[in-house]
Amino acid sequence: MDIKEKASDWHKKGYNCAQSVIAACADLVGLDEKTALAVSAGFGGGLRSGEVCGAVSGALMAVGMAYPFTDGSDTEAKQKIAELAKQCVATAAKKYGKVRCSELKGNIDCNEIICFMAQTAEQIIKNKN
């Protein structure tokens, strides 16, 4: 099963966009599914307020696990995750023209964005040097 199928399956089970993306990527980043689902639960629906798309947030969470910035003095890690976050958001914005949930929802099928962002996260994670 590829990453898009995994993400779509999570969504079909009733999980939100962020949960579906990060749970699909869990194996790639050594995260257990239960933790992935719990930490991302409040990010669906654009942070439950129509803001940043949950699928984009879920992808960023997965990328953050692959490129951790956990030491405040590690400026290289800080710069790397900042660059990758910008890349991830820009990829979504280029494809869909926006990243706000309230602007996307109703115009584009959420499952399409979930699959696209899971694939985007996977590509970024697998390109890790």
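## Salt bridges around Arg100

In this predicted model, Glu103 and Arg100 form a salt bridge with an N to O distance of 3.3 Å; the term requires a side-chain nitrogen of Lys or Arg within 4 Å of a carboxyl oxygen of Asp or Glu. Glu103 is partly exposed at 34% relative accessible area, and Arg100 is partly exposed at 31%. Buried means under 20% relative accessible area, exposed over 50%, and partly exposed in between (1.4 Å probe, protein chains only). Glu51 joins Arg100 and Glu103 in a network of salt bridges.

## Other salt bridges

The structure holds four salt bridges. One of them pairs Asp27 with Lys6, with the closest N and O atoms 3.8 Å apart. This pair links distant parts of the chain, Asp27 being in helix 2 and Lys6 in helix 1, 21 residues apart. Helices are DSSP runs (H or I, at least four residues), numbered from the N terminus. Asp27 is exposed at 61%, whereas Lys6 is partly exposed at 26%.

Glu122 and Lys126 also form a salt bridge, at 3.3 Å from N to O. They lie four residues apart in helix 8, so about one helical turn separates them. Glu122 is buried at 17%, while Lys126 is exposed at 57%.

## Helix 1

Helix 1 spans residues 3–12, and its residues Ile3, Ala7, Ser8 and Trp10 are buried. Just after helix 1, Gly14 has a positive phi of about 105°.

## Basis of the values

Residues are numbered from 1 along each chain as its sequence is written, and side-chain values use heavy atoms, leaving out hydrogens and water. Local features need pLDDT of at least 70 and side-chain atom pairs count only at pLDDT 80 or more, while totals for chains, interfaces and linings use all residues.

Key. Helices (H or I, at least four residues) and strands (E, at least two) are DSSP runs, numbered from the N terminus.
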